[in-house]
Amino acid sequence: MKINWENKAFRGINKLLDLYLAGFLWVVFCIPVVTVGASTTALYYTVRKSIKGDRGYVWGNFWSAFKDHFLDSVKITVIFEILLGFVVLDRKIMESFLQQGSKLGLFYYFFLVLQFLMIAWWLWTAFYRARFTQTWKLSIKNAAILTFAHLPWTIAMVAIVILVSIVVWASIFYMFMMPLLPMVPSLVCFGCDIFLEPIFRRYMSEEDLKAQEELDKER
């Protein structure tokens, strides 16, 4: 009996394995912390190209994107981590005021919202760099514009971050979920791409759009 490796069942299993591998690479390459940005950009690029686009292998695309974006992404990540650190510190200070019944404690909610907006802004930046070749400063600026210009989708991104946080937290109590965690970041990128790609295409040049259409036809 000859096995048809191209049938839907085997292709589906292969996609799941690719998602797991891409997520596992993301986890490993995030370990130095300052490489989180480069790893996230590489993951989004890999999910789009290898898993959704069926072009190239997971490892090759991930490593190529990681190297290409490494230095600039480290700069971006350090900036965001410093800013986010100040926001989290202010939130904790305001939380103590809130617990004491002080009116200043109401600023806790402001900093909480700001914290999630900054996380969304950082994600916009990481995903944006996977689709456009620009300087790191311009990437941050344009991502900030996109964060507020497409606020409903930014809120959706924040909701996804919260959901993922809950899943990760739950895995601490349900150990059987731990082996599945590498799949989570890949699924996040896969899901975000559904609404991000139409947005990104609005800002592409005609040449880039034609090139993208040609690639889509090859799939």
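**Salt bridges between and within helices**

**View 1. Arg201 and Glu197 in helix α7.** Being four residues apart in helix α7, Arg201 and Glu197 are separated by about one helical turn (helices, H or I, at least four residues, are DSSP runs, numbered from the N terminus). The two form a salt bridge whose closest N and O atoms are 2.9 Å apart, the term meaning a side-chain nitrogen of Lys or Arg within 4 Å of a carboxyl oxygen of Asp or Glu. Arg201 is partly exposed, at 24% relative accessible area, whereas Glu197 counts as buried at 7% (buried is under 20% relative accessible area, exposed over 50%, partly exposed in between, with a 1.4 Å probe and protein chains only). Salt bridges with shared partners join Arg48, Lys52, Arg131, Asp193, Glu197 and Arg201 into one network.

This is a predicted model, in which local features need pLDDT of at least 70 and side-chain atom pairs count only at pLDDT 80 or more, while totals for chains, interfaces and linings use all residues. Residues are numbered from 1 along each chain as its sequence is written, and side-chain values use heavy atoms, with hydrogens and water left out.

**View 2. Glu197 and Arg48.** The side chains of Glu197 and Arg48 meet in a salt bridge, at 3.3 Å from N to O. This pair links distant parts of the chain, with Glu197 in helix α7 (residues 183–202) and Arg48 in helix α2 (residues 36–52), 149 residues apart. Both Glu197 and Arg48 are buried.

**View 3. Lys52 and Asp193.** A salt bridge joins the side chains of Lys52 and Asp193, at 2.8 Å from N to O. Lys52 lies in helix α2 and Asp193 in helix α7, 141 residues apart.

Terms used: Helix = DSSP H or I, 4+ residues; strand = E, 2+ residues; numbered from the N terminus.
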